[in-house]
Amino acid sequence: MSFNMTDQDQITNRSESAQGGKAVIEIKDLYKSFGDNHVLNGFNMTLMEGENLVVMGKSGSGKSVMIKCLVGLVKPDSGTVKVLGKEINSLDQQNLDELRSDIGFLFQGSALYDSMTVRENLEFPMRRHKEKLGVVADTEPLVREALENVGLAHTMDLMPVELSGGMKRRVALARTLILKPKVMLYDEPTSGLDPITSKEIIELMRSIQKKYGTSSLIITHDVDCARVISERMILLVDGINYAEGTYSQLSQSTDPKVDAFFKK
Amino acid sequence: MGETSTLFKGVKEFFIEIGDLSHFAARFFKEVLKPPFEFKELLRQCYQMGNRSLILVTVTGFIIGLVLTLQSRPTLIQFGAVSWMPNMVGISIVREIGPVITALICAGRIASGIGAELGSMRVTEQIDAMEVSGTNPFKYLVITRIMATTLMLPILVIYGDLVALYGSALVENLKGDVSFQLYFNTVFDALSFSDLVPATIKSFFFGFAIGLVGCYKGYYSKKGTAGVGVAANTAVVMASLLLFVIDFIAVFISDIFYEL
């Protein structure tokens, strides 16, 4: 296949020429095992500035493990992970926290704090990043702006339990935006949502990218989501980047492993 | 052969659990004095734990005092020693029954609550979200809760002791025609420094154990929502067992001091 990629240099060169920008995320030869379960077996990936990259894979293929390696939630067995030019595994806690403020992470189940109101959920990330935001005496305008971006300003004093699944996802998105990240990581952004709400979330992701100029890495197994949002796709199979290309390139593939993703 | 290997596996898992719990406790001591300090969350947890356990401690303490007096009364009358009732009840409640019963109630109420709450936060990735947002979840969730249980349990124990003594005084007042003032004067005369101090110190350790086990079980909860239930359940069992071990050690040590 013309789009099969196993060599990291090839990926980087092609992406750079296509985008003409610099890499914001670089993963080289990433290995991770849990006991006898070898999840990642030399995964390589580059996300360019301003790009929307979708990584697709079956459930349990290691997508979430890979994305958690990017924010230091999971330590890889070997390999290098660079985000915004910094090697994640060599950072001390303070520098890692600083870098994390430039990374927005939307968790699969939204991960809103149950015991806090929507307002407190949005204020929470600001506690440790006051230097980045400047001296903020009144956090309400920032919270309101973030919630207005996702169309949920009226939910400010509600508890997460009072929100629907789609609303929770949007509030979680607002929470990640409050620190104005440079890179957005989405872990299954449409999982568990109905098709209409999924569409709304995808539209929201696109409008956020336009408004803030973020680079986005989207982990999904939702083909429709990938079709709408991706500029480039990587298929994660057996712990490696098995295939790479645009949606139309991959969807026309005759390789059975690639074809399996696009079969209706 | 099968039974032997199961037994061996069980013993091995027990020691691994003890090792992990010790490691968790070591991490607590390593991080507790390091800034940033989460005072606001600590106060919130103290309020939650104290306030939520108050009714339970009140009811249990009152009934314990009442029952202990009612059960002991016929025997003491038989031996003509009913005037020793305030001394006997006072010492037994302050030294042993009050701290242990209050701690067991709190183990059921607080350890399971912490285990379920943190377990649910782990399963729904709230702990990961906290870490990604730059907040150390161990400091924010674990240290505040362990500190809160350690500080609040002695207060609850003292309060529970007073309520139990009031229950006992009520029985004596109704059945023995002893005034409340006389009852409490006799109790406080009977109690000495060596009764109060070991019991209070013991209560701090009880509180620490309850918070530690609850947090440990919840923080490392696995296997989805089923794991949350397991975390809550095992937190109560483990905390209760640990309380008896601590009680035994505390009594053993205070006995050595009495003999000196």
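Guide: Helices (H or I, at least four residues) and strands (E, at least two) are DSSP runs, numbered from the N terminus. Chain A has eleven helices and ten strands. This is a predicted model: local features need pLDDT of at least 70, side-chain atom pairs count only at pLDDT 80 or more, and totals for chains, interfaces and linings use all residues. Residues are numbered from 1 along each chain as its sequence is written, while chains are lettered from A and ligands numbered from 1 in the order in which they are written.

Visitor: Where is A:Leu84 found?

Guide: A:Leu84 sits in the loop between β4 (78-83) and β5 of chain A. Its phi is positive, about 50°, although A:Leu84 is not a glycine.

Visitor: Why is A:Leu84 called partly exposed?

Guide: Buried takes 20 or more other C-beta atoms within 10 Å of a residue's own, exposed takes 12 or fewer, and partly exposed lies in between; C-beta atoms are placed from the backbone. A:Leu84 has 17, so A:Leu84 is partly exposed.

Visitor: What makes A:Ala111 count as buried?

Guide: A:Ala111 has 25 other C-beta atoms within 10 Å, and is therefore buried. A:Ala111 lies in the loop between β6 (103-106) and α4 (118-123) of chain A. Here too phi is positive, about 55°, and A:Ala111 is not a glycine. Most residues other than glycine have a negative phi, and most peptide bonds are trans.

Visitor: Where does a cis peptide bond occur?

Guide: A cis peptide bond joins B:Pro35 and B:Pro36, with omega about 0°. B:Pro36 belongs to the loop between α1 (2-31) and α2 (39-78) of chain B.

Visitor: How do you know that β1 and β2 of chain A pair?

Guide: Pairing requires at least two bridges found by DSSP between two strands. Strand β1 (residues 23-34) and β2 of chain A share nine bridges, in the antiparallel sense.

Visitor: What order do the four strands of the open sheet take?

Guide: The order is β2-β1-β4-β5 in chain A, with antiparallel pairing. The edge strands are β2 (37-48) and β5 (86-87) of chain A, since each pairs on one side only.
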